[in-house]
Amino acid sequence: MEVDKTDLKILKLLQENAQLTFKEISQKINLSITPIHDRIKRMEKEGVIEKYVTILNKKKVGTSLVVYCNITLDKQTRHNFTEFEERVTQFPEVVECHIVSGGFDYLLKVITKDMESYNQFHQQKLSVMSTVAHIHSFFVMSEIKSTTVLHLQD
């Protein structure tokens with residue numbers, strides 16, 4: 001599916017506020033409601049729009065500790081990668097997991113209530129995995145920028 005300039009305008013608006021109505025979007029980009037509706041439904045069907053979510057304030061819901069973990073596996077085999085990925089995706093504390101190149105294998109973003117909660121997660125879930133050789137944790141002191149908006153160029 002090809003995304004044209006009008007689709008990009010719609011996507012930019014929805015990234016900023018997914019609760020905009022078809023009418024509001026149509027007014028902002030000067031296009032009638034029916035084509036707006038059809039374009040959005042097409043982009044949903046084609047997977048350009050994956051889902052709509054609500055972004056929570058971490059502090060207000062009591063999960064303000066953000067930790068990035070560099071994970072090195074004991075052996076870089078397909079079996080170990082698969083086992084690690086299957087297990088780590090089951091941990092609700094892990095909000096992102098990326099396989100990376102460089103001096104370690106995975107980069108995790110972990111969000112917990114506090115240091116005690118992270119320590120429990122580390123000791124009871126992460127460090128007991130047989131495939132994990134090393135864990136390096138980096139604690140976020142202050143969040144400078146956090147966004148889900150992708151830079152879309154016309």
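## Exercises on helix packing and residue burial

Glu93 sits in the loop that connects α4 (78–88) to β2 (94–99). Helices (H or I, at least four residues) and strands (E, at least two) are DSSP runs numbered from the N terminus. The model is predicted, so local features need pLDDT of at least 70 and side-chain atom pairs count only at pLDDT 80 or more, while totals for chains, interfaces and linings use all residues. Residues are numbered from 1 along each chain as its sequence is written, and side-chain values use heavy atoms, with hydrogens and water left out.

**Exercise 1.** Determine whether Glu93 is buried or exposed, and list what Glu93 touches.

*Solution.* Step one is the cut-off: buried means under 20% relative accessible area, exposed over 50%, and partly exposed in between (1.4 Å probe, protein chains only). Glu93 has a relative accessible area of 16%, so Glu93 is buried. Step two is the contact list, where contact means heavy atoms within 4.5 Å. Not counting residues up to four places away in sequence, Glu93 touches Lys109, Val110, Ile111, Thr112, Phe121 and Lys125.

**Exercise 2.** Classify Ala133 by its relative accessible area and find its contacts.

*Solution.* Ala133 belongs to strand β4 (residues 132–139). Its relative accessible area is 40%, which means that Ala133 is partly exposed. With neighbours within four places in sequence left aside, Ala133 is in contact with Thr72, Leu73 and Asp74. Leu150 is 17 residues from Ala133 in sequence, and the two are 34 Å apart in space, C-alpha to C-alpha.

**Exercise 3.** Compare the span of α3 with the expected value, then locate its buried residues.

*Solution.* The expected span is 1.5 Å times one less than the number of residues. Helix α3 (residues 33–46) has 14 residues and reaches 20 Å from its first C-alpha to its last, close to the expected 20 Å. Its buried residues are Ile36, Arg39, Ile40 and Met43. They lie on the same side of α3, because they cover an arc of only 95 degrees around the axis; the arc is that of the directions from the helix axis to the C-beta atoms. Exposed Thr34 and Lys45 are on the face turned away from the buried side of α3. The cover over the buried residues of α3 includes α1 (5–16) and α2 (22–29). After α3 comes Gly47, with a positive phi near 85 degrees.

**Exercise 4.** Assign the buried and exposed residues of α4 to its sides.

*Solution.* Asn80, Phe81, Phe84 and Val88 are buried in α4. Their arc around the axis is only 100 degrees, so they share the same side of α4. Arg78, His79 and Glu86 are exposed on the other side. The buried residues of α4 pack against β1 (65–73), β2, β3 (106–112) and β4.

**Exercise 5.** Classify the crossing of α2 and α3 by its angle, and name the residues in contact.

*Solution.* Axes are lines fitted to C-alpha atoms, for helices over the stretch in contact, and angles run from 0 to 180 degrees between N-to-C directions. The axes of α2 and α3 come within 9 Å and cross at roughly 110 degrees. Angles of 65 to 115 degrees count as roughly perpendicular, under 35 as roughly parallel, over 145 as roughly antiparallel and the rest as oblique. The two helices are therefore roughly perpendicular to each other. Phe22, Lys23, Ile25, Ser26 and Ile29 of α2 make the contact with Ile33, Ile36, His37, Ile40 and Lys41 of α3.
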